[in-house]
Structures are given as C-alpha cells and as structure tokens.
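Thanks for coming, everyone. Please look at the screen, and I will walk you through it.

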Amino acid sequence: MERAGATTLKGNPLTLIGPELKAGDTAPDFNMVDNSLKPVTLQDTAGQVRIISVIPSLDTPVCDAQTKRFNEEAANMPGVKIITVSMDLPFAQKRWCNTFDVNKVTMLSDHKDGSFGSNYGTLIKELRIESRAIFVLDPENRVRHAEYVKEVADFPNYEAALSAARSAGAATA
C-alpha cells in the first residue's frame, strides 16, 4: 500500500509505504535490531505501555531534539517504555546515545528490511528513511495514539503522546 503525498519534506510531497494506523488498531509486528544487533519484535516489547518515537535520522536537529526530549520524559514515566525507531545503523545509534548520554530510551534500527516502516506506514518510498511519527501502544499491543507528522521537519505533538501513554497506563493499572 502506498500513500502518495502523505508526508512532505521542505514542502515537497513524498510517498509513505504501508497503512495509516489509528487508535484502536492492533499494532502490527515488526523485526528490528537493537544496538547489540539482537533481533527485536513486537512481542519482545509487549506487556507494558510503549511510546514509539519514529524519526528519519538522529543526525538531524529535530530528530536529535525529539529523542533527547523523550529521554528526559522517560524519567517521569515509570512503567512506560520509550522506543526510538530510525533507519540509522545500530552502531550509529549507540554512538549518538553515548555522545549525548541518552540512556533511558531503547533504540531500535529498522535498517535491515524496513519492516517497521512498511507495517506502520512510516517508510518514505523515495528516500528509504522513516517519516516522523509517534505511536502509543498499550500492554496488549493495541494502538492508543498515532500521529503521522505531515512535514518531516516539524516536531510531533509531545503532550498528546505523553497524555495517551499516561491514560493507557492508568487503564491497565
């Protein structure tokens, strides 16, 4: 499935591969790797509330700020796992985290086969990078919040994602 013009970069329309997920949908599976090259699937993260922060590349200013912001928020959200997804190689993710002392979010790389991007509708066809998005999943792998940021260079709505995660946590407590 392709969604032409679903996102833009500096105003230029781009095509997203995959479905547009909405609150209430069952979260699709994925196959990514962590910074030790260990495979990670949806089931490996289940059983807790998750915020999945999707970014094009850590080496850009908005992605850098977004990941640092969620790293800060993680300290105030016990019971919520925050995952950052990008096409960056696991080695680059690890280097970036070490450089900026980002240690409260889990970094996952979708570089191998793009399964997260194509299953969650964030893979930019023309660039083979992820589009900016935020997903909140409950412990049963149900999407509680989905935001596809229209312009890749814009920030997501942090408060909406954090509120959805708190709500998902309260609903399962």
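One definition before anything else: contact means heavy atoms within 4.5 Å. Take valine 40 as a case. Leaving aside its neighbours within four places in sequence, valine 40 is in contact with Phe30, Asn31, Met32, Asp34, Thr45 and Leu108.

Now the ground rules. This is a predicted model, where local features need pLDDT of at least 70, side-chain atom pairs count only at pLDDT 80 or more, and totals for chains, interfaces and linings use all residues. Residues are numbered from 1 along each chain as its sequence is written, and side-chain values use heavy atoms, with hydrogens and water left out.

Start with the overall picture. The chain holds five helices and eleven strands. Both kinds are DSSP runs, numbered from the N terminus: helices are H or I with at least four residues, strands are E with at least two. The chain has a radius of gyration of 15 Å, close to the 16 Å from the globule rule for 173 residues, so it is as compact as a globular protein of that length. That radius is taken over C-alpha atoms, and the rule is 2.2 Å times the number of residues to the power 0.38. Along its principal axes, the C-alpha trace spans about 45 × 35 × 30 Å.

How much of the chain is buried? Buried residues make up 51% of the 173. Here buried means under 20% relative accessible area, exposed means over 50%, and partly exposed is in between, with a 1.4 Å probe and protein chains only. Next, contacts with a separation of 6 or more: 65% of them join residues 24 or more positions apart.

Now the surface and the charges. The accessible surface is about 7700 Å², and carbon and sulfur atoms account for 52% of it. Those areas come from the Shrake-Rupley method with a 1.4 Å probe; for residues, only the protein chains shown count as cover. There are 19 positive and 22 negative side chains, and the centres of the two sets lie 1 Å apart. Lys and Arg count as positive, Asp and Glu as negative, while His and the chain ends are not counted. Each charge is placed at NZ of Lys, CZ of Arg, CG of Asp or CD of Glu.

On to the inside. In soluble globular proteins, nonpolar side chains tend to be buried together. A nonpolar core, as used here, is a set of buried Ala, Val, Leu, Ile, Met, Phe, Trp, Tyr and Cys residues joined through side-chain atoms within 4.5 Å. The largest one has 23 residues; Ile51, Phe70, Val80, Ile82, Val136 and Ala165 have the most contacts inside it. At least two residues of this core come from each of strand S5 (49-54), helix H2 (61-74), strand S6 (80-86), helix H3 (90-100), strand S10 (133-137) and helix H5 (158-172). Which element gives the most? H5 does, with six residues.

Look at alanine 165. Beyond its neighbours within four places in sequence, alanine 165 is in contact with Val49, Ile51, Met77, Val80 and Val136. A second, separate core has 18 residues, including Tyr120, Leu137, Val143 and Tyr148.

Stay with leucine 137. Leucine 137 lies in strand S10 and is buried, at 0% relative accessible area. Outside the four places either side in sequence, its contacts include Ala27, Leu42, Val49 and Tyr120.

Back to valine 40 for a moment. Valine 40 sits in strand S4 and is buried, at 10% relative accessibility.

Now two loop residues. Leucine 37 lies between strand S3 (31-33) and strand S4 (39-41). Phi of leucine 37 is near 70°, a positive value in a residue other than glycine. Asparagine 141 also has a positive phi, near 65°, and is found in the loop between S10 and strand S11 (143-148). Buried or partly exposed? Leucine 37 is partly exposed, at 43% relative accessibility. Asparagine 141 is buried, at 11%.

Last stop: lysine 125, in the loop between strand S8 (123-124) and strand S9 (129-130). Lysine 125 is partly exposed, at 46% relative accessibility. Lysine 125 and leucine 14 are 111 residues apart in sequence, yet 7.4 Å apart in space, C-alpha to C-alpha. Setting aside neighbours within four places in sequence, lysine 125 is in contact with Glu2, Thr15 and Ile17.
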